[in-house]
Amino acid sequence: SSYEHKLNFRRSKEACLSYIQDAMLQKQWKRAAEFLTFYVESLEKDYSREQIGPSEMIWRIGTEILCHHSRSSMKEFNCFMEQMKTLGVKRYLKVCLEHVFHLLCNGQIDEAYQNLSLAESWRFGEQTAIQNKEMKLIQAYRGLLDYYNWSKQKNILLEHGLDGFADLSVEQEMHSCFRKAVMNLKEIIKTPGVWDLFVKCYVDLLEFYGDHNEARQVLNEYAYNSRFPANPNAHVYLYQFLKRQGESKKSLISALKILHDIVPSHELMIDFNTMLQKSKKRKKRRLGLEVIFAALDYAGWKENVKAWSCLARQVKQIVISEKYLDWIKEEWSSRKDWWPAFHFSRYLAKRNWQENESLSYEKALVAGILLGKDCKYFKYVSHQGCKAQVKRFRMLKKFVNRHNLVCLRISG
Amino acid sequence: DFNERCAQCSEVNWGLTDGGRYYCRSCHNVTERAREVVNTDFMTNSRVQTISKGLRKQEKNGGGCEWYVCEGFQLVLKKQAEALEALGVCSQMKDEILCNFWRCYLQKSKQAYCNRPAGETVKALSVCESSTDVDSEPDRPSLLHLLSLSESEGDLQTDCSFASSMSKVSESTSMYSGSVDGSLYLMKNQKEKLRMTMPMTLSFCYMALLWLREPITLSELLRFVVEGHIPYLNVFQHFPEKMKLCGLDLKIFCVESWPVYEEVHNKMLELAAFLDLPRFPDITESCFLHPDMLCIKYLMEANLPDELHNWTCRVVKKIGIGEVDFLTLVPGNKSTRKVKYDILAAAVIVVVLKLLFLLDDHYEWLLSDLAEERNKNNKEGGLYFEFRKWYEVVKHALDVEQKKLDEERAKYVWRCEKPLFYSVKNKSRVLKRRQMVVNLQNQFGKLSGSVQRAEKPSPSSFQLSWSEENTDGSCFHGHSLKGILQEKCGLLTAMNPDYWLCTVKLCNEKLCGHLAHYREVDFPQSYHFVLRLFSFLLRIQPSYIHDEVCMIEHKLFNKKLYKKLKYNTVLRK
């Protein structure tokens, strides 16, 4: 407090830190820099018992200030980072990594690569073993940059290829990058973690060189190995790969099943529903209905015409066949309390009609089936549609009227 | 002695009157010059043995020399005295008073000026060679033992070697301290001899200043220290090159906190008793430290009307705190409460403000409104003092200064250019770190914009200043109190008939350290503001001023309290 007239080193630096913090929160970078100059002398005191010592503070704060301060340059930043590397051997690789990230964000790919190579060759007694996680990351990112280089070479080659020139040196370079990349990327994905970027690149490499088996294995591992954290993207990647490989619908469906469980609102749910609807198996069709209803529970899908058309198609088909009406009933029972306000309000009817006719058409169809011909949404849209003399709306009106009893069985 | 020619007869033939004044023996002209009582008879006549004895054993590496801790402190005191001299203190302080106090201390603590220096008889404890691998980690068991000053010597490892002579001490302890007796110094058994510390150097200074009755209060002295006008923090950078400072010396000479008023004051009292000093020179009415004088200063600094001085003098007189015997320090006398001149004067002002304005968050504002009204019809030319206006002006200034002070605390620079290392092995690491610190300071200093650390502001006795020449009416010195006074039987008295006591019963200071226990929430905000103001000026906790206020109040209302202890605390004056 300000009435405290005693002061010691520790309290003084604590106060200094809180001024730095305030300045940073208010984006006053000059002021933060000013107070930081007074804070740095705490490096000369032993803080080994503290959790976060001054050297780490200075690294983190200094980085922030240099990133945002208008007068700082990459050169200054690099100089600062080099100093930070010498400051704490226990943090050496971490600092290297973060430095590399900054270089990458500023487009300095070559410098980043150099730094990664340098860091890779670092050895420091038992620290090397202690920091092996960071080392793995460093290797992985180097692998990533190798991939990036490979990709560049590949594009050059493809261009020249069209011209008919086969550039041997480029090709050799490309293969060399490939080997380096593969070696590093392969390593990191063995450890449980979220490695989307590395996996994608690795699979890309494997596919290019025709090693589909390895690619499939990698993706399966990534998606299904329980040691790895649940990751929707893993399933997406697997699905996309299987699709590229022209796999059967069955395997595609099984790939998407877990994705539906984890992320019912995923954009691939449309594809999923489409495949399921067409299936001969009853269970699959049933699942399809579940999938599309689940997707439309999410606000992000409210105005997705494709999704509504999937649902419309399926419920229409069911109503016509008069079989499996209980499917709709089951899906509708947990939704009938809130979907009307969520999707089928009069306000939305007006808005949808004004903004997107197709959307309103699909929705009206669904509304008419689920809520009957007297519901607000259907009445409004069909009325507007017929007034505008759009053919499909007349058809729609007829359809719903014709099947009204069926619809009542659903909504009842 | 006194060598001036007599004003009347031009002779140089002086004697001393009973009153201590010089008189001319030839023409019996008595001067006003009094002989400064520089008592050197507090020193016993023992055989003097100087500290620095002829040939020094030069160390092979680094060209360092043997030095003792007390020599280090002597240097510190010298530097401090020089600084005080530069601030205007008379040279007698450095050359005579402080010097003699110090010599007396050395003698009494048997570090010098006596038959045998202390180190010789005490067995030095050092750890044997194999485990004296002092690297950069200062938490090896042996050092840790010394550093933590453990009481029981049984904690030491069993394979300790005992050195019985000085030379051996210097050899084996030189790894731990640049000084010869650094490790000895930190042994707890020195307690009875009042071991010297850095804060104690300030106690010495203050004691000398008090002896000479110089116009510097303790709070001012400490403020000058913090502001860097008096060497204290990093004073070791003034040690000569040959005096190598390392190892345990750091623990002795390096300071990492601001000196604390209470600590310095208490040590000063202990020291005065330890040195068997006689009664200090009288603090009379014309002394700067007398409450009447200090009140003038503080009233000015607090931007209060000069007229309040009459009231402070009245209070001082009434409770007898202006008496010579009350104010003058008699070392060793445990029955009297020792006077803290600056806090006392501030507290007197607070009491006077309570007497006139009550400060119950109510009455003072009513009075202010009244004064304002009177000011409108005021034809006398001078303004009546309005509490509200004063509060606004002073609060604003105080907030600004407090904010500056808070930032200064955060920006305080503790390290100096001369690096310190615990041991030689530590050195390169320390130097590397220093270099990095300097680099970082440069790098971020450039990004600080044009804000460069200004030169140390020159020392000033006043932290807040108010000028009557300001036309914005922000100076209240010349304001009259008539706006809040009334005439009664031809005398001007306060309109306020009431008073509230800070506490009905005083605590036992010896038991719980304070006379009362101050909590901001328990008291009116106006009272807290006034405490806060003086707390800022004196750089001490409000609670210390509050203690003195309680003490004064109890003296002032002694009789009434005696009778009315049971009833509520609001009294009629």
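1. Two strands pair if DSSP finds at least two bridges between them. Strands (E, at least two residues) and helices (H or I, at least four) are DSSP runs, numbered from the N terminus. In chain B, K488(B) has L491(B) in β7(B) as its bridge partner. Q486(B) is bridged to T493(B), also in β7(B).

2. This is a predicted model: local features need pLDDT of at least 70, side-chain atom pairs count only at pLDDT 80 or more, and totals for chains, interfaces and linings use all residues. Residues are numbered from 1 along each chain as its sequence is written, chains are lettered from A and ligands numbered from 1 in the order written, and side-chain values use heavy atoms, without hydrogens or water.

3. The strands in point 1 are β6 (residues 485-488) and β7 (residues 491-494) of chain B; they run antiparallel and are joined by 4 bridges. Together β6(B) and β7(B) make a hairpin, with 2 residues between them. C489(B) sits in the turn and has a positive phi of about 50 degrees.

4. How much area is buried between chain A and chain B? About 3,900 Å², with 58% from carbon and sulfur atoms. Buried area is the accessible area (1.4 Å probe) that two parts lose on being put together, summed over both. The contact (heavy atoms within 4.5 Å) takes 39 residues from chain A and 40 residues from chain B.

5. A salt bridge here is a side-chain nitrogen of Lys or Arg within 4 Å of a carboxyl oxygen of Asp or Glu. One of the pairs is R31(A) with E407(B), whose closest N and O atoms are 2.9 Å apart. K411(B) and E34(A) also meet in a salt bridge, at 2.5 Å from N to O. That pair crosses between chains: K411(B) is in the loop between α16 (387-410) and α17 (427-446) of chain B, and E34(A) is in helix α2 of chain A.

6. Between chain A and chain B, 17 residue pairs are in polar contact, both residues at pLDDT 80 or more. On the side of chain A that touches chain B, α1 (9-25), α2 (29-39), α3 (54-68) and α4 (74-87) each give two or more residues. α2(A) gives the most, with 8 residues. A polar contact is a pair of N or O atoms within 3.5 Å; within protein, one must be able to donate a hydrogen and the other to accept it, and residues adjacent in sequence count only if both atoms are side-chain atoms.

7. An unreviewed UniProt entry places "domain: Rrn7/TAF1B C-terminal cyclin" at residues 257-447 of chain B. Such annotations may be inferred rather than shown by experiment. The span is 61% helix and 0% strand, and its end C-alpha atoms lie 29 Å apart.
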